[in-house]
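Me: I'd like to go through this one label by label and see which cut-off stands behind each call. Can you take the questions as they come?

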Amino acid sequence: FDLPNKYRTLLLKNNLLNNYKSRPYYQQKGWIEWIENAKRTTTKEKRLNQMFTELREETYMPPKNK
């Protein structure tokens, strides 16, 4: 799994790239797929912000399946 450049840039800008890279592969890939699978831009932004919060707080809550 290669981190898309747009996410790498956002993580660098928010000083969270090292936090992201320290997470297991399944979390790294899972976050990006979860964000990208959102249909609306507002949902993608909400999910991206949730990933940032979880990286800052060193928590992880996988999305719930419906």
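Me: Where does E58 lie?
Reply: E58 is in the segment after α4. Helices here are DSSP runs of H or I with at least four residues, and strands are E runs of at least two, numbered from the N terminus. Before we go on, this is a predicted model: local features need pLDDT of at least 70, side-chain atom pairs count only at pLDDT 80 or more, and totals for chains, interfaces and linings use all residues. Residues are numbered from 1 along each chain as its sequence is written, and side-chain values use heavy atoms, with hydrogens and water left out.

Me: Why is E58 called exposed?
Reply: The relative accessible area of E58 is 66%. The scheme says buried under 20%, exposed over 50% and partly exposed in between, with a 1.4 Å probe and protein chains only. So 66% puts E58 in the exposed class. E58 also has a positive phi, about 55°, although it is not a glycine.

Me: Which residue other than glycine has a phi near 55°, a positive value?
Reply: N15 does. N15 sits in the loop between α1 and α2, and its relative accessibility is 67%, so N15 counts as exposed.

Me: What makes α3 roughly antiparallel to α4?
Reply: The angle between α3 (residues 25-36) and α4 (residues 41-57) is about 160°, and their axes are 8 Å apart. Those axes are lines fitted to C-alpha atoms, for helices over the stretch in contact, and angles run from 0 to 180 degrees between N-to-C directions. Under 35 degrees counts as roughly parallel, over 145 as roughly antiparallel, 65 to 115 as roughly perpendicular, and the rest as oblique. About 160° is over 145, so α3 is roughly antiparallel to α4.

Me: Which residues in α3 and α4 meet?
Reply: W31, I32, W34, I35 and E36 on the α3 side meet K44, R47, L48, Q50, M51, E54 and L55 on the α4 side. Contact means heavy atoms within 4.5 Å. By class, that's 7 nonpolar, 1 polar and 4 charged residues. For the classes, Ala, Val, Leu, Ile, Met, Phe, Trp, Tyr, Cys and Pro are nonpolar, Asp, Glu, Lys and Arg are charged, and the others, Gly among them, are polar.

Me: Which residues touch the most other members of the largest nonpolar core?
Reply: L3, L11, Y20, M51 and L55 do, out of 14 residues in that core. The helices α1 (5-13), α2 (17-21), α3 and α4 each supply at least two residues of this core. A nonpolar core is a set of buried Ala, Val, Leu, Ile, Met, Phe, Trp, Tyr and Cys residues joined through side-chain atoms within 4.5 Å. As for M51, leaving out residues up to four places away in sequence, M51 touches L11, Y20, W31, I32 and I35.

Me: How do you know that Q28 is buried?
Reply: Q28 has a relative accessible area of 15%. That is under 20%, so Q28 is buried. Q28 belongs to helix α3, and its side chain reaches the backbone oxygen of R23 at 2.8 Å. A polar contact is a pair of N or O atoms within 3.5 Å; within protein, one must be able to donate a hydrogen and the other to accept it, and residues adjacent in sequence count only if both atoms are side-chain atoms. Beyond its neighbours within four places in sequence, Q28 is in contact with F1, Y20, K21 and R23.

Me: Why is F1 called partly exposed?
Reply: F1 comes in at 40% relative accessible area, and that falls between 20% and 50%, so partly exposed is the label. F1 lies in the segment before α1. Setting aside neighbours within four places in sequence, F1 is in contact with Y20, Y25, Q28, K29 and I32.
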